[in-house]
Amino acid sequence: MALREAPSPPILALEEKISARTAVIVVIGMGYVGLPLAVEKAKVGFTVIGIEQKVERMEMINAGQNYISDVEDKELAELVATGKIRATDDYSVLAKADVIIICVPTPLDAARDPDISYIISTTKEIAQYLRPGQMVVLESTTFPGTTEEVVLPILAASGLEIGVDYFLAFSPERVDPGNKRFTTKNISKVVGGVTENCLKTATALYSQTIMTIVPVSSPKVAEMTKVFENTFRAVNIALVNELALLCDKMGISVWEVVDAAATKPFGMMSFYPGPGVGGHCIPVDPFYLTWKARQYDFHTRFIELAGEVNLQMPLFVMEKINKALNQAGKCLRGAKILILGVAYKKDIDDARMSPGLEIMELLIGAQAKVIYSDPFIPSVTLGSDSYASQILESLAIESFDCIVLCADHSAYPYEELAKRSKLIIDTRNAFAAFAGPNIVGL
Ligand SMILES: NC(=O)c1ccc[n+]([C@@H]2O[C@H](COP(=O)([O-])OP(=O)(O)OC[C@H]3O[C@@H](n4cnc5c(N)ncnc54)[C@H](O)[C@@H]3O)[C@@H](O)[C@H]2O)c1
């Protein structure tokens, strides 16, 4: 990072607009990350324009309708009604922006390599409108080096000078969807700027809405921090999943072990086993690091192993279902099965890469008769077939050969289900209080 940069006129102007909250913020990608971020910024007075390529999302925002559960419906409606937030699919609004925040997806491609095409295409759009006094912040999770090796060269082609005319930083989003205790406001924010002025302006921006800012020496450090955090989770979940496989063989309750270990007041942190990992982060982000590591002839063994163990979990659940049905004298083929919860975790409306969906697909492949119920996920598509969520209260629970609990949503009537079901495969220990011969845990 260049040290002791003089404050240029563009930085002074931008800092003034940020502190007066008159800066116009454009957020690109109004999804799970972008929409809550837009709301936080608009709530403190900034004017926020969201660029969203999905027309239905863009129209919903402009109608004041919310589609992300972490956002309050009323709050969004008010901010839209007062003109503080609007959405468009027209990139020319970038000309008006003082701050541009990129929140587009960063999936894996078919070969499980990083697909940063969304970041690249968005940056190319920004480059067309780049002018002195603008700051660009990348929030999408990505491999270390993306900001300086991919984004910066595209912006630099404009001929403007980084750290003097315009500013570029990486600041990862750490939001945990559905978590009411830790939200965008009180989760500390790591920020890495390409130059000292970039860090300064990005810190000035985020400190308007976030309680604690953690400045680091470069975008690379910030990028690595984010992938490390998610790798930490992936590895620890894999460890406890592996323990679950062993405990199953040894006739020990893994849940009891984890709870007992959690009483150690130091050096221990609880992770719980489950049917596998899902969502846009844990199954994806560690492989961004694996890919980057290959450029250094480095093999990320923990990541590969964790991926392998976690991917095995839906198959382990299938084994459990098969075995339990056999013991009840039933065959998996033709068995009537209800999946409870296809979201990738409790109380959220996201089914991306969800283990519940994978288990559903495996069961359908085995010719079981499968339906699902999830109050957060109205419908899902598997291959070319669509399935609608069934209303749990309308179902004859006693008629199912097996219920498989994949996401332990708070709304489910656990006690009643335990009483009325023939067989429950409980992948989340949600029926612990109602143990009986019909409840089979991991
Ligand atoms: N979901 C999470 O919990 C979470 C948490 C932390 C970090 N992240 C990271 O944040 C990034 C965004 O994730 P998300 O969950 O919000 O994804 P998302 O799919 O919910 O939202 C991304 C949005 O960007 C839009 N989009 C894609 N390309 C676009 C383009 N060229 N122009 C305008 N809009 C475009 C999509 O239509 C979508 O609405 C990813 O890198 C992800 O890894 C996600």
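Modeller: Before we begin, a helix here is a DSSP run of H or I with at least four residues and a strand is a DSSP run of E with at least two, both numbered from the N terminus. Residues are numbered from 1 along each chain as its sequence is written. The model is predicted, so local features need pLDDT of at least 70 and side-chain atom pairs count only at pLDDT 80 or more, while totals for chains, interfaces and linings use all residues.

Colleague: Between which two strands does the loop with Val 93 lie, and is Val 93 buried, partly exposed or exposed?

Modeller: The loop that holds Val 93 runs between strand 3 (85-88) and strand 4 (99-102). A residue is called buried if 20 or more other C-beta atoms, placed from the backbone, lie within 10 Å of its own, exposed if 12 or fewer do, and partly exposed in between. Because Val 93 has 18 C-beta neighbours inside 10 Å, it counts as partly exposed.

Colleague: Which residues does Val 93 touch, not counting residues up to four places away in sequence?

Modeller: Two residues are in contact if their C-beta atoms, placed from the backbone, lie within 7 Å. Lys 180 is 87 residues from Val 93 along the chain, and their C-alpha atoms are separated by 33 Å. Leaving aside residues up to four places away in sequence, Val 93 touches Val 26, Ile 49, Ile 51 and Thr 88.

Colleague: Why does Val 284 count as buried, and which residues does it touch, not counting residues up to four places away in sequence?

Modeller: Val 284 is placed in the loop between helix 9 and helix 10, and it counts as buried because 23 other C-beta atoms are found within 10 Å. Thr 231 is 53 residues away from Val 284 in sequence, and the two are 9.4 Å apart in space, C-alpha to C-alpha. With residues up to four places away in sequence not counted, Val 284 touches Pro 107 and Leu 108.

Colleague: How many of the residues of helix 10 are buried, and which helices are included in what covers them?

Modeller: Helix 10 (residues 285-294) is mostly covered, with seven of its 10 residues buried. The buried residues are Asp 285, Pro 286, Phe 287, Tyr 288, Leu 289, Thr 290 and Lys 292. Their cover includes helix 8 (219-250) and helix 11 (301-327).

Colleague: At what angle do helix 8 and helix 9 pack, and which classes make up their contact?

Modeller: Axes are lines fitted to C-alpha atoms, for helices over the stretch in contact, and angles run from 0 to 180 degrees between N-to-C directions; helix 8 and helix 9 (residues 254-261) pack at an angle of about 130 degrees, with their axes 9 Å apart. Angles under 35 degrees count as roughly parallel, over 145 as roughly antiparallel, 65 to 115 as roughly perpendicular and the rest as oblique, and helix 8 and helix 9 are therefore oblique to each other. Val 240, Leu 243, Ala 244 and Cys 247 of helix 8 make the contact with Val 254, Val 257 and Val 258 of helix 9. With Ala, Val, Leu, Ile, Met, Phe, Trp, Tyr, Cys and Pro counted as nonpolar, Asp, Glu, Lys and Arg as charged, and the others, Gly among them, as polar, the residues of this contact divide into seven nonpolar, no polar and no charged.

Colleague: How does the contact of helix 6 with helix 8 divide by class?

Modeller: Helix 6 (residues 146-156) packs on helix 8 at an angle of about 120 degrees, with the axes 8 Å apart, which means that helix 6 is oblique to helix 8. Thr 146, Thr 147 and Glu 148 in helix 6 meet Pro 219, Lys 220 and Glu 223 in helix 8. By class, this contact of helix 6 with helix 8 has one nonpolar, two polar and three charged residues.

Colleague: How far apart do the C-alpha centres of domain 1 and domain 2 lie?

Modeller: Domain bounds come from an automatic or database domain assignment, and the protein chain is divided into domain 1 (9-218) and domain 2 (251-441). In the contact between them, 15 residues of domain 1 meet 14 residues of domain 2. The C-alpha centres of domain 1 and domain 2 are separated by 34 Å.

Colleague: Which helix gives the most to the shell around the ligand?

Modeller: A residue is near a molecule if its C-beta atom, placed from the backbone, lies within 6 Å of it. The ligand is surrounded by 26 residues, of which the closest are Gly 29, Gly 31, Tyr 32, Val 33 and Ser 140. The shell has 12 nonpolar, 10 polar and four charged residues. With three residues, the most is given by helix 5 (residues 117-129).
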